[in-house]
Amino acid sequence: MIFGRSERGKPPVEPVTLKILVAGGFGVGKTTLVGAVSEIRPLRTEELLTEAGRPVDDTSGVEGKHTTTVAMDFGRITLREDLVLYLFGTPGQERFWFMWDELSEGALGAVVLADTRRLEDCFAAVDYFERRSIPFLVGVNCFEGAPRYPIEDVRQALDLDEGVPLMMCDARDRESVKEALIGVVQHAMAYAADRREAVTG
C-alpha cells in the first residue's frame, strides 16, 4: 500500500516550486482566482474601500465591490507530485503598483486577467510583463452579463503578440483556473527554451 507521496523503498519526491503572478485591473477577479484554486487557506490583504479613496479609486463597472487588495493575495496549488505553484495576486489599483516589482522577483510567469467590459484596465499589466520579458498568459474572465467576443477579436483589441496565449476562463471555477495555470507554466517553459536556443544557437 502507498502512503503519502513516496512508494516503499523510494525516497520522497522533492517538488519543484514555481512562482506565478496573477495580475490585472481593479475588480477583475484576481482574489477570486487565487481562492478558487488554492489548497491552503489563501492569505488576503483586503481592506474596505472608503470615501477618502473615492477620488482615486475608479469603481466604474465594479460598483458592487467594497474591498480592495492592498498588498497581495497568496495561495498554493500542487499540480503534480513534483510540481507546486505559489500564486501571488497583485494589487489592481494604480496607487499600489509599487508592490509589483517586489512580487515579480523570481516569478516564472503570470496570468493577466481581463474583463471584456473594461479591457483597458489590463493594459498596464500586459505592458509591465512585456517590458520585463516575463512570459504571461491572458485569461478573459467570463463575468455573468459581460459581452462575449471571438478570442481573436479580444487579441486584436489588446494588441497581443501571436505568441502570447489567450484563453477564456472563469476565476470562480477550480478546473478552469487550473487550465490557465498549466497554460502559463507551459508557455513559460517554451519561452525559456526559445531564449536559451537564441543564445546558444
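Tutor: Start with residue classes: Ala, Val, Leu, Ile, Met, Phe, Trp, Tyr, Cys and Pro count as nonpolar, Asp, Glu, Lys and Arg as charged, and the others, Gly among them, as polar. This is a predicted model, in which local features need pLDDT of at least 70 and side-chain atom pairs pLDDT 80 or more, while totals for chains, interfaces and linings use all residues. Residues are numbered from 1 along each chain, and side-chain values use heavy atoms, without hydrogens or water.

Student: How many cavities of 30 Å³ or more does a search of the whole structure find?

Tutor: Rolling a probe the size of a water molecule over the atoms shows where empty space is left. A cavity is a set of points on a 1 Å grid over the protein atoms alone where a 1.4 Å probe fits but cannot get out; lining residues have an atom within 4 Å of a point. Points join across faces, edges and corners, and the volume is the space filled by probe spheres set on them. Here the search finds one cavity. The largest cavity holds about 40 Å³.

Student: Which residues line the largest cavity?

Tutor: Gly25, Phe26, Val28, Leu113, Ala114, Asp115, Arg118, Leu119, Asp121 and Cys122. That lining has six nonpolar, one polar and three charged residues.

Student: At what angle do the axes of α1 and α5 cross?

Tutor: Two packed helices are described by the angle between their axes and the distance between the axes. Helix α1 (residues 30-37) and helix α5 (residues 174-200) have axes that come within 9 Å and cross at roughly 100°. So α1 is roughly perpendicular (65 to 115 degrees) to α5. Contact (heavy atoms within 4.5 Å) involves Leu33, Ala36 and Val37 of α1, with Arg174, Val177, Lys178 and Leu181 of α5. By class, that is five nonpolar, no polar and two charged residues.

Student: What is the phi of Ser133?

Tutor: Most residues other than glycine have a negative phi. Ser133 has a positive phi of about 55°. Ser133 sits in the loop between α3 (123-131) and β6 (136-141). Asp159 also has a positive phi of about 55°, in the loop between α4 (151-158) and β7 (166-169).

Student: Is Asp159 buried or exposed?

Tutor: Buried means under 20% relative accessible area, exposed over 50%, partly exposed in between (1.4 Å probe, protein chains only). Asp159 is exposed, at 64%. Ser133 is partly exposed, at 33%. Across the protein, buried residues make up 45% of the 201 residues.

Notes. 1 Å grid on protein atoms, 1.4 Å probe; cavity = no way out; pocket = protein on both sides within 12 Å on 5 of 7 lines; lining within 4 Å. Axes fitted to C-alpha atoms, helices over the stretch in contact; angles between N-to-C directions. Helix = DSSP H or I, 4+ residues; strand = E, 2+ residues; numbered from the N terminus. Parallel < 35°, antiparallel > 145°, perpendicular 65-115°, else oblique.
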